[in-house]
Structures are given as C-alpha cells and as structure tokens.
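Colleague: Could you walk me through reading a model like this one? I would like the general idea each time, and then the case at hand.

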There are 2 protein chains.
Amino acid sequence: MVANGPTIALDAMGGDKAPEIVIRGAAIALERFPDVRFLVFGAGETLTKLVAKDKVLSEAVELREASSVISADAKPSQALRNGKGSSMWSALEAVKQGEAQAAVSAGNTGALMAISKFLLRTPTGIDRPAMASILPTSKGETVMLDLGANLECDADNLFQFAILGALFARASLAIETPTVGLLNVGAEELKGSDQIKTAAAMLRNLEGQLPLKFEGFIEGDDIISGKVDVVVTDGFSGNVALKTAEGTARLFGHFMRRTFRSSPMAAIGYLFARSALKRLRNHLDPRKYNGAVFLGLNGIAVKSHGGSDAFGFANAVGVAVDMSRYGFLGSVRAEFERLQTGELRSGSESL
Amino acid sequence: MVANGPTIALDAMGGDKAPEIVIRGAAIALERFPDVRFLVFGAGETLTKLVAKDKVLSEAVELREASSVISADAKPSQALRNGKGSSMWSALEAVKQGEAQAAVSAGNTGALMAISKFLLRTPTGIDRPAMASILPTSKGETVMLDLGANLECDADNLFQFAILGALFARASLAIETPTVGLLNVGAEELKGSDQIKTAAAMLRNLEGQLPLKFEGFIEGDDIISGKVDVVVTDGFSGNVALKTAEGTARLFGHFMRRTFRSSPMAAIGYLFARSALKRLRNHLDPRKYNGAVFLGLNGIAVKSHGGSDAFGFANAVGVAVDMSRYGFLGSVRAEFERLQTGELRSGSESL
C-alpha cells in the first residue's frame, strides 16, 4: 500500500447497485487520488471478486467482513438497535477508532445520520450536526446546509451551521473566507422568524472574527444565482429548496428534449448545437455534486446518493478525501474551542 | 358600460411602471373579458389621458380620485396607519363596500396583505389568509400556498389552506376535485413536524367529504413535476420553494443563451431550433403566471408583480375575473360553514 494518503472506510453494501458501484467508484477515485487507501466493509463472493479483479485497487484495499446490511427502508431507531456489525456501522466504527479518516456510504440516509451521531458524537460547542452538499450555480459552486437533518432549528443551530458550512467550503471549494447568507423570505433586516433574526445578529456581532464573511439574508433565487458561497437554513427549508431546484432542473431537461423533438427544424438545430449542449449537460451533471456530508461530528461521514453510479460514488469519495486532507475536523474543533473559551467575545470587548 | 360582468377595482398607482402598465393591462384584459368593468383609483394627468385615449376602455372604466400612493418600501404597519385614502386602500375599500368583486394591485405586497386583512377580514372558520399562485409544471399548472403571508403555520392553518387552495384551483384551473399534497421532507407518513402530521391526519379523516382529494406528503421535486394540483405548505417554505424554482429556471435560461453563443455551430443550431425554443419560452413565460391571490378573506385581492408589464398585469386581472365569476367567495363560505356546524363530522360519525 502507498503511504501518507488518508484512509477512507467504505460501506460496500449500501445503495441500489452495491457492491458494484462502490468498488468501481473506489477504483475511479484511486486514479484521482493514488495515495488513498480504503477499508472496505461487506461480504459475499461478488465483492471479493470485484476487488480481486482490479490489481491496482486490490493493493489499496483492505477487505473486512461485515455480514449484515441495513435495509433501505429501516427506520433510524431500528438501525441503531440492530445495525451493529453491519457494513455501514462497521465503516463508521472504523472512523471512530481512528483507523479511517472518513466513511462513505450510499445506504439508508436516516440510518447513516443516526449511527454516525451515536458513534461519532458532536464536539464541544456544537449542539447538532447538519447535512451539507455542494450545488452548481451560475457563478460556480455553493454549499447549502442543513438539508434535512434538523427540521426545526434555533438561532444557535443556525449560527453553528454557518461556521461549519464556511469551514466545509474552505475544505471542498478552496475558498479562504467564504461568504455566508441566511435563507429568508426577504433581504430586509426586519423580515423572518425570531430565530433567523437572532442568528443574523450573532453572526454580525462577531464580524471579522469568524472564518467567514456574513452577507445577511438571501432569498430562494439567490441560492442558484450563486450570490453567496454558503447558504444556511433549517433542514426543512433546505430540503425543500434542494429538491425544488433539482425538480426544476429536471423539468427543463424534459422540456428541452421535447422542444428539440418537436419539429424537423428543431431536430436539425439540435444536431448543430449538440456538442455545446453536451458541455452544458456535463457542467450540470448531478453525479458531479454527489456526496452529502454530515458536518459537526467527531469524524467525517459522507452520504452518496443511493441510486448513484460509480462516477457519482467516486465524487462522494472525493469529498471525503478533500475534507480529510484539509484537516476539516481540526479546524472545526479549533474554531468552536475559541468560541467556547470566550476568546472571541473578550476579543471583541477589548476593541 | 356593458352590464353583467364583474367589476374589478384597480390600484392605478402601484408598481414600478404605474399607471401605464395598469391601464394598458386593463385594456388587454378587456379584450379577453368584454363584460368586465373597472373602478380605477389614482390621480394625475398621465392617468386621465391614458384612459381617455382608449375609447373602448374609457367606456368600461370609472375613474376615482385617490391622491396618495403607498410607497414600495413602506412597512405594513405604516401602510395601515397612514394608507387610508391611497389608491391601494381605496381599491380594497371598494371591494369591502361591494362596489367591486375584486381588487388588483401591483404595489407593496406587505401593505396589500395588511390592508386587505384589516378591511376584508377572514370569514368564520378561517384563522389566517394565505397567499397563493399558479405555477407551470411538466403536466400543466399547479397552485401553491402559502407563499409568505404566514412564516409559521399550525395544523389548523395548513388544513384550512388545503381547502382554500382546492377551491382556488377549481375556480382558476377548472378542476372539479383537485388533488392536494402537503409539502414535506419525505413521502413516508412518519416524516415531518408535528403540525404537518396532524394536518395530514385531519385531511385524511375527512376523506371524501372535502372539495379535494388528499394525496399525502410530497417533496420539493414534486412541485414542478405537477404531481398534485395544489401544494400546501407554510409561508417560509412556500416562499423559498417558489423563489428557488424561479431562480433555477432563470439559471437555465442563462445557460441556454450562453450555450447557443458558445460556438458558430451552436449558433446555427439555435437558428434552426428557434421557433421551437420560442414556443417553450412562451409556455414558461412568467407573465402568464402573474397574479398572487390572498385567499381566506371576505373579498378577493390579487397582487401583480411590481415589475410586471401590461401583459402580466392583464393576467393578474384575469385571475380576479375567474375568481369573481366562479363565485369563489361563496364556495369558501359554504365549505367553512359546513365544517363549523360539524355537519361533516356528524356525517362521518354516522357512517
């Protein structure tokens, strides 16, 4: 095995097309990051053969037996009760034990959230973890959180998510001081619920002392326009916004296909514009944005879409590698310790 | 004046391009609905001349002096205190007095909401009015509410919004028994906040006795796919979802333009596909969906987008005409009276 790179624990049995896409995804990721090694949790002849048949991959992989699988429809509480020893649990356990720097699973989202919370816990100063993802925008890419881990959030949650999201943007988008916006129903200071207004005041009070630049309130259309690097909201609105954007994008794809088939002239037009349209499709390829991350835990857990292919799974692994390499957890701990010790507050008082 | 059609009160001074777009919009609406008459509230020579110069329109219009205008940045509380006598207030007052069946304004949204609530009040059985609009979907059109009038909603609010939305879909989309979905973070019965789960139970308990078919929970991507005729949610999520969909659609327009300009081949492709693309743009034309409605008041108040042109304003007038003609208010009162008297409940008990 090549040394020095991070070790990523893989749940080989999670997702619609496991273990094939997990192993082929790991192989693609290995081409990009040759120094990464994998701890692969799962069982069965298919898995063993898939690994064995790729010489390069097999040298980077350590296969570990995990005979049970958490089903896609298991409730989080069931997964917590009966999930021990499963491929997902074992992958997260490896992160907890320090054997791996991050875990990636395409399995049951609720179960992954519950088990990672249970095993990895939140560091001091963080009340609840949040789910974050990267979206394509007209300017580039934007981080959004929470995407559904916490349906209701208080001001402290939103404040903490802002810091977590900024540190994630730094690690994954390489932006030193990301801009952060709080999602609201209007950009005016008076709008919104009490918790949003309080969170905004907290972020403004620490202006210049946090690893971010707070841009105030933003609205739904600012998410996709790329107005800020990090969009912070509660899990209900974040989930709704993400899925609405995905649904609208799909509708456009559907309309475009129908339009180019609607007349012979349009079909000829498509032939001419094909390579340009292909580049656009490539830019918006949802597989490139695969990999939702649970932020705010003592360990890195990445969720790949359950229906993802190998290319998409490799991108989820890429997110885990970026976060490990950047030292995301260390920067989170340092930032929240500073907040805890009141270093920031006393700093601002002495001004 | 031609008799029998509904009378619509117009705030001639609201919106970025008032009074031009209001009067030209009324003229366009009059071509579509020749039996409608207008009570126009405003002042100034421009307004008088605009009306006078259109012979057909001037016969359908009664101009009434309203010298003050509520500014675009006035707070709702200021508008309530100082707005009396303004063009917006007077238009709503005409609805209250029964002189007009509906009012249309392109002015300040918060002010319109506050003044219409104050003047028109909610009928018995309705706790709070909601803001609704029609959206284009892949199947046709869908009603969504609340779009921002109530940032937080309890189960009773959501239940009432479902009925109001269904009656609005009946009036505006001509669907006899509209399907209704509650926006949530998953389609499973166990997901979501308590208020959403309770609202779902209330709607299920009265299955078959309401003017709608309840389809359970839906997710963000179901809004634009047109899975249901009516999407019910709280004002925060509804506002975020609407603006996210608008923003994503705009992003696609931007990307398409860039794509067709990206190479000579693509530009040729555009020339061939142009008329098909124009039909698509026409189908998605946001002006066709202009006109947000305040549902749940003793009167009809329609909000046109402030930046709308005459074509868009005419569509907002069209929404008001549809609702007046259908007898929307009567059906709302009848439905909520049935609920109040317990007719429905005793009906279900006797089963």
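**Strands and sheets**

Modeller: Let's begin with a pair of strands: strand β2 (residues 37-42) of chain A and β3(A) run parallel and are joined by five bridges. In that pair, Phe41(A) has Arg64(A) in β3(A) as its bridge partner. This is a predicted model, in which local features need pLDDT of at least 70 and side-chain atom pairs count only at pLDDT 80 or more, while totals for chains, interfaces and linings use all residues. Residues are numbered from 1 along each chain as its sequence is written, and chains are lettered from A and ligands numbered from 1 in the order in which they are written.

Colleague: What counts as a strand, and what as a pair?

Modeller: Strands (E, at least two residues) and helices (H or I, at least four) are DSSP runs, numbered from the N terminus. Two strands pair if DSSP finds at least two bridges between them.

Colleague: In which order do the strands of the chain A sheet lie?

Modeller: The order is β3-β2-β1-β4-β11-β10-β5-β6-β9-β7-β8 (chain A), an open sheet of 11 strands with mixed pairing. At the edges stand β3 (61-65) and β8 (213-218) of chain A, each with a single partner strand, so one side of each is left without a neighbour in the sheet. On average, neighbouring strands of this sheet are turned by 25 degrees against each other, direction ignored.

Colleague: And which strands are at the edges in chain B?

Modeller: The edge strands there are β3 (61-65) and β8 (213-218) of chain B, each pairing on one side only. They belong to an open sheet of 11 strands with mixed pairing. Within chain B, strand β6 (residues 141-145) and strand β9 (residues 230-232) pair in the parallel sense over three bridges, and Met144(B) has Val231(B) in β9(B) as its bridge partner.

**Helix packing**

Colleague: How do I describe two packed helices?

Modeller: Two packed helices are described by the angle between their axes and the distance between the axes. Here the axes of helix α5 (residues 87-96) of chain A and α6(A) come within 10 Å and cross at roughly 30 degrees. Axes are lines fitted to C-alpha atoms, for helices over the stretch in contact, with angles from 0 to 180 degrees between N-to-C directions. Therefore α5(A) and α6(A) are roughly parallel to each other, a label for angles under 35 degrees.

Colleague: Which residues of α5(A) meet α6(A)?

Modeller: Among them are Met88(A), Trp89(A) and Leu92(A) in α5(A), which meet residues including Ala111(A), Leu112(A) and Ile115(A) in α6(A). α6(A) also lies across β4 (102-105), β10 (292-295) and β11 (300-303) of chain A, at about 180 degrees to β11(A).

**Domains and chains**

Colleague: How is chain A divided into domains?

Modeller: The assignment gives domain 1 (1-125 + 296-326) and domain 2 (127-291); such bounds come from an automatic or database domain assignment. The centres of the two domains of chain A, taken over C-alpha atoms, are 26 Å apart. In domain 1 of chain A, 18 residues are in contact with 13 residues of domain 2 of chain A, where contact means C-beta atoms, placed from the backbone, within 7 Å. α12(A) gives the largest share of the domain 1 side, eight residues.

Colleague: How many residues of chain A are in contact with chain B?

Modeller: 47 residues of chain A are in contact with 47 residues of chain B. On the chain A side, α10(A) gives the largest share, 20 residues.

Notes
Contact = placed C-beta atoms within 7 Å. Parallel < 35°, antiparallel > 145°, perpendicular 65-115°, else oblique.
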